[in-house]
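Please keep the sequence and the model in view while reading.

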Amino acid sequence: MELTGIWSGLYKVSVLVTRLAWLNILWLISTLIGLILFGIMPATIAMFTVVRKWIQKDYDVNVFSTFVKAYKENFIRSNLFGIIIYVLGYVLSIFLKYTGYMNESELYPVLFGIFILASFFYVMLILYIAPVYVHFDLTFWQYIRYAVTIGAVNLHYSICTLTLLAGIYFLSFRYPGFGLFFGFSLSAYIIMFLANIGFKQLVKKQQEQTGQQAETVST
């Protein structure tokens, strides 16, 4: 018997909740398998690979096999991104440390402003590197450039995403069980959902620019 109305909606929600919980557990286990440091990036890429398929309405995807395949295939490359993120984070922390030593210097406002700007781009990189990686086919450095650029251009989506993530992590700290089963997978779903809107707008703008250039050439 086919479910309709409110029962159909409840069934879809229950399926999504179950899948999010399963994906979250897979992410945790895979991160631990990679000894956390070398597992977090490939596990994250694998998680976003699955979530992207859900966003594109491919609900019948096998979560486990898709996750494991993406984890293995992207293990080395994703860890290269991880190394860059770790190094940049370390450099920013050192920069902030030495900027603090100069709080009475005339250069302090300038240095602190540079730190704020660099931190903004760093957050955009962390936020969008996984969505960009699973959505586009680019060169290594283009992934980084696209992640930062898309995050900065779609600032309203970035702010909305960060606000929702703050709420999720508040709930995770308040209710550890929520974080254990939904903290990371739900975060990935929100990030990918909003990033996908930004991707569509980017493609639309590129198509409009291409059309305008074609009209200019024809005239």
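## Contacts of Ser30

Leaving aside residues up to four places away in sequence, Ser30 touches Gly39, Ala43, Phe67 and Tyr71. Ser30 itself lies in helix H1, which covers residues 5–33. Its relative accessibility is 9%, so Ser30 counts as buried, the cut-off for that class being under 20%.

## The model and its confidence

The structure is a predicted model. Its mean pLDDT is 90, and 92% of the residues in the chain reach 70 or more.

Which elements of the chain have the lowest and the highest mean pLDDT? Helix H8, residues 176–218, has the lowest, at 84, while H2 has the highest, at 97.

## Overall architecture

The secondary structure consists of eight helices and zero strands. Read from the N terminus, the order of the elements is therefore α-α-α-α-α-α-α-α. Along the principal axes, the C-alpha atoms fill a box of roughly 75 × 60 × 35 Å.

The chain has 219 residues, of which 37% count as buried. Its accessible surface amounts to about 13,400 Å², and carbon and sulfur atoms account for 70% of that area. Among contacts with a separation of 6 or more, 71% are between residues 24 or more positions apart.

## Helix H2

Helix H2 comprises residues 40–55, a total of 16 residues. At 1.5 Å a residue, the helix should span 22 Å; the expected span is 1.5 Å times one less than the number of residues.

Is H2 largely enclosed or largely open? Of its 16 residues, 13 are buried, so H2 is largely enclosed by the rest of the structure.

## Two loop residues with positive phi

Most residues other than glycine have a negative phi. Leu35 has a phi near 60 degrees, a positive value in a residue other than glycine. Leu35 is placed in the loop between H1 and H2. With a relative accessible area of 68%, Leu35 is exposed, because that class begins over 50%.

Lys57 follows H2 and is placed in the loop between H2 and helix H3, residues 63–73. The phi of Lys57 is also positive, near 70 degrees, again in a residue other than glycine. At 62% relative accessibility, Lys57 counts as exposed.

## A nonpolar patch on the surface

Which residues form the nonpolar patch on the surface? The patch is made up of Leu37, Phe38, Ile40, Ile76, Leu80, Ile83, Tyr86, Val87, Tyr90 and Val91. Together these residues have about 940 Å² of accessible area.

Helix H4, residues 75–101, supplies the largest share of the patch, namely seven residues. One of the patch residues, Tyr90, is located in helix H4. Its relative accessibility is 56%, so Tyr90 counts as exposed.

Asn196 is located in helix H8. With a relative accessible area of 9%, Asn196 is buried. Not counting residues up to four places away in sequence, Asn196 touches Ile55 and His135.

Is Ile197 buried, partly exposed or exposed? Its relative accessible area is 27%, so Ile197 is partly exposed; the value falls in the class between under 20% and over 50%. Ile197 and Tyr157 are 40 residues apart along the chain, and their C-alpha atoms are separated by 8.7 Å.

How far apart in space are Gly113 and Arg145, C-alpha to C-alpha? The distance is 21 Å, with 32 residues of separation in sequence.

Note on methods
Residues numbered from 1 in each chain as written. Predicted model: local features only at pLDDT ≥ 70, side-chain atom pairs only at ≥ 80, totals over all residues. Heavy atoms only, no water. Helix = DSSP H or I, 4+ residues; strand = E, 2+ residues; numbered from the N terminus. Buried < 20%, exposed > 50% of the residue type's maximum accessible area, 1.4 Å probe, protein only. Contact = heavy atoms within 4.5 Å. Patch = residues over 30% accessible without salt bridge, like charges linked within 9 Å, V, L, I, M, F, W, Y side chains within 5 Å. Areas by Shrake-Rupley, 256 points an atom, 1.4 Å probe, with all protein chains shown as cover. Salt bridge = Lys/Arg side-chain N within 4 Å of Asp/Glu carboxyl O. pLDDT = per-residue confidence, 0-100.
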